2 protein chains.
Amino acid sequence: MPAFRNPGQRAGLTRDRVLAVARELLVEHGMDGLTMRALAERIGVSPNALYSHVESKTALVDDLLDEVLAEVDAPALDVGDPIAGVHALMTSTYKVLLAHADLIPAYLARQGARGPHAQHLGDVMLALLERAGVTGSRAQEALHVLIVYTIGSAAFATRAPLASGESSPPTSRDHAAHFDHGLRWILAGITLPADYARSA
Amino acid sequence: MPAFRNPGQRAGLTRDRVLAVARELLVEHGMDGLTMRALAERIGVSPNALYSHVESKTALVDDLLDEVLAEVDAPALDVGDPIAGVHALMTSTYKVLLAHADLIPAYLARQGARGPHAQHLGDVMLALLERAGVTGSRAQEALHVLIVYTIGSAAFATRAPLASGESSPPTSRDHAAHFDHGLRWILAGITLPADYARSA
DNA sequence: ACCTGAACACCGTTCAAGT
DNA sequence: ACCTGAACACCGTTCAAGT
């Protein structure tokens, strides 16, 4: 907060640096510790300077969450079994989320991300689902249920076991197996005929 | 905020009234609209007066979320199939959550509730699981995965369909059927031998 | 275009009174 | 015990400068 610069003097700040320091703050002190003012202080700039590089705090967090999704491997759109492609995509997402466990509560609160990477992954998913015969609002639903399931599973896997009972705690391999079973069930449900449950 | 009372004059405020108005505010304006100051203003009291009836804002929201769980039907502990009991309990919880859809984002953010009602339902669940042969940290895990799944499913069911595509949107009956399928799968997974996935 | 200083309109919470 | 007034230590964001 002390003034090393006069008005008009630049700090050499970039949008990428803002995002990087924001991520540090979030990992170190959680979502409550990520404030615009704390962020500005760590960078060494006045709080309002951030608004030259970021539209709002909400947009900043959205960008943060979206950035991580760049690490997800998107399968090819037009080769192989489309449901196998969806399976691979969600499995990769699950792994990426586990690699950034500190961000999981934020994903959970927002029920996913919203930026260009999330958009792209969503488009890939919808294209794969379409090739599998799932379209329209049913595809939108399938997308959402898969996202919620994946984030929820990642949240569950990062929960420290409460250490009661005699059996050994579940390994990350156990969690991954659990995740995989559920994923396969959901995919089976999604590809059923659309009116399988329309009866009384 | 205008002063109708002098210091020392009571407003006849009760803890139940604070909770009731807090719930109004949350339903009307969402989680962001529920502030201690807005709450105090609607009640007609100064903001700090609330702290005579509530420990903190966090505790207030916790109580709010917990209160709703009083509506859940807890099955008998010691009669019938315990897994059928767990199934009935989660199904009742799902229905109660849908009946208070405005609160679902808050449950999601906190991954459940924490008060006495939540505690009681958790105890019932653990007792049922124990009768089904699931104990220790594995039971804790099962509890958590069932909670996350149920809240996530309720969140999914209350999402307005995005209205693209030719097929008719899924009914609440469809959602309930989906929820039931997933619940049965999870229960099957939970009751498998503990080391089913321990291989390489 | 990018920064500072100052300010606006808020927060949750505490502390010292008053009855 | 329950309330008010005032204050503390914060928020996100905007506006008017300066270069």
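Rings of Phe, Tyr and Trp (its six-membered ring) pair if their centres lie within 6.5 Å; planes under 30 degrees apart count as stacked, over 60 as edge-to-face and the rest as tilted. By this rule, 4 aromatic pairs are found over all chains. The model is predicted: local features need pLDDT of at least 70, side-chain atom pairs count only at pLDDT 80 or more, and totals for chains, interfaces and linings use all residues. Residues are numbered from 1 along each chain as its sequence is written, chains are lettered from A and ligands numbered from 1 in the order in which they are written, and side-chain values use heavy atoms, with hydrogens and water left out.

**View 1. Helix α4 of chain A.** Helix α4 covers residues 82-99 of chain A, 18 residues in total. Helices (H or I, at least four residues) are DSSP runs, numbered from the N terminus. From first C-alpha to last, α4(A) reaches 26 Å, close to the 26 Å expected at 1.5 Å a residue; the expected span is 1.5 Å times one less than the number of residues. Of the 18 residues of α4(A), 13 are buried, so the helix is largely enclosed by the rest of the structure. Buried means under 20% relative accessible area (1.4 Å probe, protein chains only).

**View 2. The aromatic pair Y94(A) and F179(A).** The two rings are stacked, at 4.1 Å centre to centre and 5 degrees between the planes. Y94(A) sits in helix α4 and F179(A) in helix α8 (residues 172-190) of chain A, 85 residues apart. Y94(A) is buried, with a relative accessible area of 4%, and F179(A) is buried at 3%. Together with Y149(A), Y94(A) and F179(A) form one aromatic cluster.

**View 3. Protein residues around DNA strand D.** By class, the surface near DNA strand D has 9 nonpolar, 12 polar and 5 charged residues. Ala, Val, Leu, Ile, Met, Phe, Trp, Tyr, Cys and Pro count as nonpolar, Asp, Glu, Lys and Arg as charged, and the others, Gly among them, as polar.

Terms used:
Helix = DSSP H or I, 4+ residues; strand = E, 2+ residues; numbered from the N terminus. Buried < 20%, exposed > 50% of the residue type's maximum accessible area, 1.4 Å probe, protein only.
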